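Student: I would like to learn how to read a few local features in a protein model. Could you walk me through some of them?

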2 protein chains.
Amino acid sequence: MATDASDAAGDGEGDEPPAAYETLLDQYRRVTNVREAGGLLSWDQQVMMPEGGTPARSQQLSTLSSVSHDLLTDDAVGSALDELDAAELTAERAAVVREIRREYERADAVPAELVEEMSTTSSEALSAWEEAKAESDFETFAPYLEKHVELKREYAEHVDPDRDAYEVLFEDFEPCLSLERAESILADIRETLVPMIEEIRASEVDLTTDAFTSLGTYPADDQEALCRDALSTLGYPWDRGRLDTASHPFSTGTTFDARVTTRFDEADPLGSLLSTIHEFGHATYTLGLPDEHYGSPLGQDRDLSVHESQSRLWENHVGRSQAFWESFLPTVAEHFPQAESVTPREAYETANQVYEDNLIRVEADELTYHLHIVIRFEIERALIAGDLDVAEVPAVWNDKYEEYLGIRPENDAEGCLQDIHWSHGNFGYFPTYSLGSAMAAQLYAAIEDDVGADALDEGVREGDFETLHEWLTDNVHRHGARYETDELVERATGEPFTADAFVEYVTDKYGSLYDLDSV
Amino acid sequence: MATDASDAAGDGEGDEPPAAYETLLDQYRRVTNVREAGGLLSWDQQVMMPEGGTPARSQQLSTLSSVSHDLLTDDAVGSALDELDAAELTAERAAVVREIRREYERADAVPAELVEEMSTTSSEALSAWEEAKAESDFETFAPYLEKHVELKREYAEHVDPDRDAYEVLFEDFEPCLSLERAESILADIRETLVPMIEEIRASEVDLTTDAFTSLGTYPADDQEALCRDALSTLGYPWDRGRLDTASHPFSTGTTFDARVTTRFDEADPLGSLLSTIHEFGHATYTLGLPDEHYGSPLGQDRDLSVHESQSRLWENHVGRSQAFWESFLPTVAEHFPQAESVTPREAYETANQVYEDNLIRVEADELTYHLHIVIRFEIERALIAGDLDVAEVPAVWNDKYEEYLGIRPENDAEGCLQDIHWSHGNFGYFPTYSLGSAMAAQLYAAIEDDVGADALDEGVREGDFETLHEWLTDNVHRHGARYETDELVERATGEPFTADAFVEYVTDKYGSLYDLDSV
């Protein structure tokens, strides 16, 4: 694939950048450091902090967030950007300025009082959501959701009154991927998956679905040891990371220290294992960012869809492949002798079964998952556009589950109250999950083209992931935020970013698994 | 003892403070939050961080430190302080303004470039010190020590050109305890201990010195379980703290989350146990600060000597008492069956033995410890005053060890290079350790007066520490930095802060242990 040796040569270290560039980058490094400090405080809160620590931690996080906002919108940043307007910059430096300018302009456009109000609303909405979910009572949460919708519209109006509000909100997570592109990818995914899932439900193929759950329990400590072995096998550098337990698994950190968390269900070791591999994928991205650009946009992840592409590539294309199970099953049996009788095929089928009646996004399989996302995306778009009232959300939600997935929630706790994201006012975030899957498929297909599908498969089967790491670092990680999303994908894969590779991937894989006619 | 119900009444919540007071306190809360974030990052670095994380962590800590400096010296703080100059404030609010003003003036007086240079020198000096210590080669470290001395003199000159430079430096750790008072306390300690230790060396009493070390090894995991039991027994609130392992034990955090660390020597469980109790003492102080004043000087520890008084009170007056061993030995035997044969008296004697030939401060006993401190204090005073050249330090160090302790280091690694502090440029820090011991003795004597020595001893013997916690919270912790050190001690004990109680304590205890004539 394309590398950028040619234009990198234009950024010779001999050319001194303008003083304003140094000022800008220095200040941005401070912003990064304050944000990373906040990231560590959040990690600690979820992993290490005793419960009593909350009141001080909330204040610390709130101060760090306001300090990083103040540093980013400092007059010195605005002046430096103005000065650099007309400057001749190397491509690399121009990318740095472009990225910082984008962040600065957005932060500068929004009044501090509105930021404050959104933050307060999030705190209140979180408590209300927790209560509403526990009681399965949407009414309790509705006023806060309404408030969030109002504030987010106002926010978008400040950023750009001439553009679609949802588009503006989406850019908080995907600063440079067009919503149009995202919509078209989600539409393709929906159009492929809705009929495919119907067909799978009608399929008479008898897949193994309980290779592990039928064999007794799996103590958490042993699962943790297994996850550590999996991370070592996949190439996790323990001198730059840790594995810990958290109730909602996540990954966080810097290229020097990218940590992974997981959680354990003693009935089923697959969940912790695949979730660990998922978070490992996120961590590989962070670890692959160039050390020397720490603190600069060149050392920063591009956006959430690229991040999610890395987690899903490792989780789905590697961790859910038959080749992986051929290689890794003996390690599972070392920790859990009861699994000695499981065959790679049984493990593979279990890891790839499509659930018939799962209503919960975070428990979904690789296919139905995206319909959970599409539903949320459609609802939040309509909410922000004013085409849907908050009060209508539960009914619309349930109807869409029936339409797309053929199942209907019996209450709001297992329906529109299941996810925390809207209590944070995060509209525009959910789509990045599906975009990540589509990008993962496109990247994986490109790697197969580059190194040969059989050779790649053989590597996974032998537990040799070096080629994969090298390709991803070279084509994705090391660029940081230098290229915009489209360009990054196109440079890496030779094609614009679409759902085509994903459609092909699921059609092949699930067509074969479920012996579907349409394939 | 004195409580301040009377003047607290003057701070009725009904009186609205001036707006400038709110501005000042709000900004100071931000400073606190940024500092506490830095504290958590340091804790993580020493306890959790993978080794690869250092480059980013150093930058994060440096940014947080510069941000908190900028927040503290913000023009808004200066203006608010000016406005409050003539304001009528309640005693409590006046104390808040006094404390913030003191910090502001010091931070504001020192040019940012000097702060930067001191910080750079510390980084370079740390590497040089590590190398010098490993090679036992003072020459390698000498230029950095010289640089530190110069910079610190310059620093003191900026803060106050009319005062003794060491006095100014000492105030970084003891902002409101006079150096004169500190010197007089240290002199009394030295004059008591030098002859006492000589007498102890001549004593023919045959103390048990190896109650535990003679009985095999003590696995680290079991020691950790023992330390957890000790913390629970002493009343550590696990919902507001954690115990972890660190190569240099420390305690850190806020009143909501005060963490303790320890380390393990498998040959000897006493070290980890007493160090855990020491750090527990620090944590009790932090935990006893008033929740409602988090972020304000009223919710802050007074200074290092008060902090150290709390750690040493718990370590020495409780953890090294015979009553404690009568109560706690069965718990030790639960974890280590080999210790079933140890008697409380043997444990007590072992924990209180005075070493004949220990050159290392951090391994010293309760008596010789202070001579290690006195030597460092005398040397750093002379260095800053210009009465001693850096090149003379090793010789003077060795002579003083011979004079005060009757032993002579064979090389600089076990001599003047043993401690890290001077590589940080921390002059004025060491004395706080001995001041803490003196204060601990004075507080403990006051508690004995208040509740009765026998009743207090009985409480310790029964593992009931409630009275002790209550007294310390009531008389020390809950005041935060409201009173200056002298006033705090005098309100708590009814006497000015002196070494008298310490002298009496060690004279009684060690006189009896070693059957000394002088007693």
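Student: Let's start with His282(A): is it buried or exposed?

Tutor: His282(A) counts as buried because its relative accessibility is 12%. Buried means under 20% relative accessible area, exposed means over 50%, and partly exposed lies in between, using a 1.4 Å probe and protein chains only. Before we go on, note that this is a predicted model: local features need pLDDT of at least 70, side-chain atom pairs count only at pLDDT 80 or more, and totals for chains, interfaces and linings use all residues. Residues are numbered from 1 along each chain as its sequence is written, chains are lettered from A and ligands numbered from 1 in the order in which they are written, and side-chain values use heavy atoms, leaving out hydrogens and water.

Student: Where is His282(A) found, and what does it touch?

Tutor: His282(A) is in helix H11 of chain A. Helices (H or I, at least four residues) and strands (E, at least two) are DSSP runs, numbered from the N terminus. Contact means heavy atoms within 4.5 Å. Leaving aside residues up to four places away in sequence, His282(A) touches Ser251(A), His307(A), Glu308(A) and Ser311(A).

Student: Which residues does the UniProt annotation "binding site" cover?

Tutor: In the UniProt record, an unreviewed entry, that annotation covers His278(A), His282(A) and Glu308(A). They are spread over 31 residues of sequence, yet they cluster in space, with a largest C-alpha distance of 8.8 Å. UniProt positions are given in the numbering used here, feature names are shortened, and annotations may be inferred rather than shown by experiment.

Student: What can you tell me about Glu308(A)?

Tutor: Glu308(A) lies in helix H12 of chain A and counts as buried because its relative accessibility is 6%. Its side chain makes a polar contact with the side chain of His282(A), at 3.3 Å. A polar contact is a pair of N or O atoms within 3.5 Å; within protein, one must be able to donate a hydrogen and the other to accept it, and residues adjacent in sequence count only if both atoms are side-chain atoms. Not counting residues up to four places away in sequence, Glu308(A) touches His278(A), His282(A), Thr432(A), Tyr433(A) and Gly436(A).

Student: How should I read the two sides of a helix?

Tutor: An α-helix has 3.6 residues a turn, so residues three or four places apart point the same way. In helix H19 (residues 466-475) of chain A, the buried residues are Leu468(A), His469(A), Trp471(A), Leu472(A) and Asn475(A). They are on the same side of H19(A) because they cover an arc of only 165° around the axis, the arc being that of the directions from the helix axis to the C-beta atoms. The face turned away from the buried side of H19(A) carries the exposed residues Glu466(A) and Glu470(A).

Student: Which helices do the buried residues of H19(A) pack against?

Tutor: Their partners in chain A include helix H11 (269-288), helix H12 (304-318) and helix H17 (431-451).

Student: And what about phi?

Tutor: Most residues other than glycine have a negative phi. Ser136(A) is not a glycine, but has a positive phi of about 50°. Ser136(A) lies in the loop between helix H6 (112-135) and helix H7 (138-159) of chain A, and counts as partly exposed because its relative accessibility is 25%. Asp515(A), also not a glycine, has a positive phi of about 55°. Asp515(A) is found in the segment after helix H21 (500-514) of chain A.
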